[in-house]
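These are my notebook entries on a structure I looked through today. I set down each item as I looked it up.

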Amino acid sequence: MGHISRYETEVLIIGGGATGTSIMRDCALRGIKCMLLDKNDIASGTTGRNHGLLHSGARYAVTDSESAHECIQENKILKKIASHCVDKTDGLFITLPEDDLSFQSTFIHACSSVGIDTQKLTPEEALKLEPNVNPSLLGAVKVPDGTLDPFRLCASNVLDAKKYGAQIFTYSVVQSFIRAGERIIGASCLNVRTNEKFEIFAHEVINAAGIWGKNICQYADLDVQMFPAKGSLLVLEHRINELVINRCRKPADADILVPGDSISLIGTTSEEIDYSEIDSLRVTDQEVNILIAEGAKLAPILEKTRILRAYAGVRPLVDVSGGNGRNISRGIVLLDHAQRDGLTGLTSILGGKLMTCRLMAEMTTDVVAKKLGNNSPCTTHLQPLPGSVETADKQPQKKTALTSKAAAYRHGEKAVQLFDQSAKGKSIVCECEMVSVGEIEYAIKKLDVTNLVDLRRRTRLGMGSCQGELCTYRASGLFCEYGQCSGHDSSKLLIHFLEERWKGIKPVLFDDALREAEFTYWIYEGLFGAADVTLLGTAQNDEKKEYYEI
Amino acid sequence: MNIAQNSFEKCIKCTICTVYCPVAKANPHYPGPKECGPDGARLRIKSLDYYDQALKLCTNCKRCETACPSNVNVGDIIAVARGKFEKKVINPKLMRDFILSRTDLFGTLSTPFAPVVNKITDSQIIKTVMHKTIGIDKHKALPKYSQGTFRNWFKKNAPDQEQYPRQISYFHGCYVNYNDPDLGKDLLKVLNAMNIGLKLLNKEKCCGVPLIANGFHDKARKNAHFNVKNMTEAVEKFNTPILSTSSTCSFTLKQEYPHVLDVDNSQVVDKIEYITSFLLREFMNGNAPKLKEINKTIVYHTPCHLERSGLAIFTIELLRAVPGLKVIVLDSECCGLAGTYGFKKENYDVSMKIGKHLFETIKNSDADYAITDCETCKWQIEENTNLKTIHPINLIAQGLTA
């Protein structure tokens, strides 16, 4: 470990979630040089582990009008700047026989007072809009909810920021801060994939690490109390609802059903967990049962629908009262450590929601830009993200391959034009989600993809019904071609991906998911002998050796 | 709710359907039943942008469903999607599809002038004109019409049928009515020899299968309602079984009505039966007609819809019950015609490619006849092998002693 690379920048952002990547873009657009660091891939933490709900704010209208106000503002902005990440489905807040119908008027009143459009519907009208909604509903209110794809949002933030010179380091952790007296001037980092150490010197460091932000603060000997709450969700095999369905009552468990791209999501449960558990979340049988039972109250068809997988995320709740846990905020917490702790060079942006990531970035960048003497105004609410730009002059194309249509949803039509248009480029890798060789090449080369899990976040590869059964071996081979991987390395990527898919399938291993998993196991273990790949990998250190010779 | 709507998620993507799909094998432009069926159904819920015009390349042979180990009605999913989303473009080919699928209408118009119509459609000039204008392939001979319909012939014979103690209702279908009344007449002989009388439904229309295949689902649904109504009357009045000599008509009446057209046939479905399964049961129960030896060799071809119905074994066993007959059962594979599909200029080559192996096997056999249960398989085999192809009923009628 002789040589250590050193980088210099104005702002170092720690955390590549929705907030971190939004700050990266905000800085870049204001002409501030910045670098972003994440210990994993972008959107791999809480950002990618929620409903992907484009809140209208209605859910918070009664209990938290400030959040509701922020949500409706950002809702309108995201629809404009991130149209390729947003599906304007609208949402229903339904009242079931067991709910109090009088809550409806409280709800409508609260929505109007923060500027959320509502439309009261009769049960018949609601059923016409959403045929799968529970037909025993007493009433419904329509609000401008929608869906927001967090993976696409983060990838687009990064793509745009890079265009203006920003740099990203994924799979890189902070090992310690570099200090000059009472000032943070950078961080010593380690790339966990290559084991290379490097240092980044920056005028300002931003801690946007979400729930992991507590750890980052500890590197600076600062104490922030965070209260992790686990939220579990289930992914359904296909899209069973067209509109987001909520219960018109105070927020509770498993009361939001969101149609996300080709699937639907039901969630969430809420359980306080110990901070030491944040990296080892498990979805329990009990949670699965609650989600199905409560979800079926929103849309009875859910009970008969195949469940693809389960996952859980951690809400990054912050105690702003100073450590005694009495005042836990679900809102945005911006900590200027110079003011709060007398430590300059570090700012933490914690709490908040996926919905408010752009706003959080604006608030943070405002503070940091001022310190750097940069007076450029924020423009992230005005400038569309790459992929969102060209919707106005969209021409209905006649003979477009399904993969191109699917890719246009994900990356915008301009990006699709860059794909390899040869027969090979057009051939399908992921059949469930229509991902082509060309799209994978684009993702590997342009979207900071290092493995199949990253590739999934950029393209939806392996997110469909078969959960990687048919695409994994095809896609891992492409890493040899486009990602400078050896045959053995790509086999390891294959195992890594299947293990990651397996983690989410395990909690729902019944019915068709079980049959599918069994078939997948049969292909990869029975036919390909996949388990031997890892064995050979550990037994042999000679990288040049061709392991597949018999 | 029809079955196709909720069965797609049982698919575990094993892709066996695409392996068995005759079209996917012959035509690289067809994405195959897995992608067009369950995969597509899932994506089409998200957006109709995902409707692929390639679905019209499906022949509706249902071999995908026969192959599926997960009970996914793959072919139904494709047929339903076509019915809902296929865009009809007004052009000469639409006229052709109209002509090919309106078997009732053109049968009624043509039978009175059968010799003239047959001569015209057989002329090389007309074939070339049809090839160039509406896209009926010039290599194809359109089915010949008979002079006079089966129904008309039957009117004269109906009173005789009353004398038999047992009765069945016969759904003759368009083919027997307009093209081959002899098959209906043979059936009548066979049944009478077994002391069973034959009735017709009060009225019937085309079962609807060519309409489904050409994407005219509304019209097909009208026919289905009409036929279910008439079959219900027959069952209520006479409590007879309803028999069909067409493997496809009976398949459509029983399965396509509820699965593809969303037409409830539950009150009659158990009464509808394909002829060979009815006959074999009678034979096994001791009610076989007296048959003389037929010292001939036949090759038997299994039609796709009979395969899907799981009834091929009945025809095969029935043929084996004919004394002296040497039965060679061919590999079960699609002949390529698929009703109206192979008549279309754009499908002709694929259709021939699908049937190639079958044709060669038949040509290399020393059989006296080919036997099959489906009229369109018959046309395709005769046209491409020059071997006379008959229905199992025709053969049994030959063996009757009286």
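Predicted model: local features only at pLDDT ≥ 70, side-chain atom pairs only at ≥ 80, totals over all residues.

Which residue stands opposite Ile307(A) in strand 18 of chain A? I found Leu236(A) opposite Ile307(A).

**Conventions.** Residues are numbered from 1 along each chain as its sequence is written, and chains are lettered from A and ligands numbered from 1 in the order in which they are written.

**Strands 13 and 18, chain A.** I took helices (H or I, at least four residues) and strands (E, at least two) as DSSP runs numbered from the N terminus. Two strands pair if DSSP finds at least two bridges between them. Strand 13 (residues 225-236) of chain A pairs with strand 18 of chain A in the antiparallel sense, over 12 bridges. I then looked up burial, for which a residue is buried if 20 or more other C-beta atoms lie within 10 Å of its own, exposed if 12 or fewer, and partly exposed in between, with C-beta atoms placed from the backbone. Strand 18 (residues 307-319) of chain A has 11 of its 13 residues buried, so it is largely enclosed by the rest of the structure.

**Chain A as a whole.** I noted 19 helices and 23 strands in chain A. Its radius of gyration is 23 Å, close to the 24 Å that the globule rule gives for 550 residues, so chain A is as compact as a globular protein of that length. The radius is taken over C-alpha atoms, and the globule rule is 2.2 Å times the number of residues to the power 0.38. Along the principal axes, the C-alpha atoms of chain A fill a box of roughly 70 × 60 × 50 Å. Of the 550 residues of chain A, 54% count as buried. I use contact for two residues whose C-beta atoms, placed from the backbone, lie within 7 Å. Among contacts in chain A between residues at least 6 apart in sequence, 71% join residues at least 24 apart.

Helix 14 (residues 437-446) of chain A is mostly covered, with seven of its 10 residues buried. Among them I listed Val437(A), Ile440(A) and Tyr442(A). Asp448(A), which follows helix 14 of chain A, has a positive phi, near 55 degrees.

Helix 15 (residues 452-459) of chain A is also mostly covered; seven of its eight residues are buried. The buried residues include Arg456(A), Arg457(A) and Arg458(A). What do the buried residues of helix 15 of chain A pack against? I found helix 6 (150-163), helix 11, strand 23 (435-436), helix 14, helix 16 (472-482) and helix 17 (487-505) of chain A. Arg460(A) follows helix 15 of chain A and has a positive phi, near 75 degrees.

**Asp90(A).** I located Asp90(A) in the loop between strand 4 (86-87) and strand 5 (91-95) of chain A. Is Asp90(A) buried or partly exposed? Asp90(A) counts as partly exposed because it has 18 C-beta neighbours inside 10 Å. Leaving aside its neighbours within four places in sequence, Asp90(A) is in contact with Lys142(A), Pro144(A), Asp145(A), Gly146(A) and Leu243(A). His55(A) is 35 residues from Asp90(A) along the chain, and their C-alpha atoms are separated by 9.6 Å.

**Sheets of chain B.** I traced an open sheet of four strands in the order 2-1-3-4 (chain B), with parallel pairing. Strand 2 (196-200) and strand 4 (272-274) of chain B are its edge strands, each pairing on one side only. Strand 3 (residues 242-244) of chain B runs parallel to strand 4 of chain B, joined by three bridges. Ile242(B) stands opposite Ile272(B) in strand 4 of chain B.

Another open sheet has four strands in the order 6-5-7-8 (chain B), with parallel pairing. Its edge strands are strand 6 (326-329) and strand 8 (389-390) of chain B. Strand 5 (residues 297-301) and strand 7 (residues 369-372) of chain B are joined by four bridges, and Val299(B) has Ala370(B) as its bridge partner in strand 7 of chain B.

**Contact of chains A and B.** I counted 20 residues from chain A and 15 residues from chain B in the contact. Helix 18 (511-527) of chain A is one of the elements giving two or more residues to the side of chain A that touches chain B. Helix 18 of chain A gives the most to that side, with four residues.
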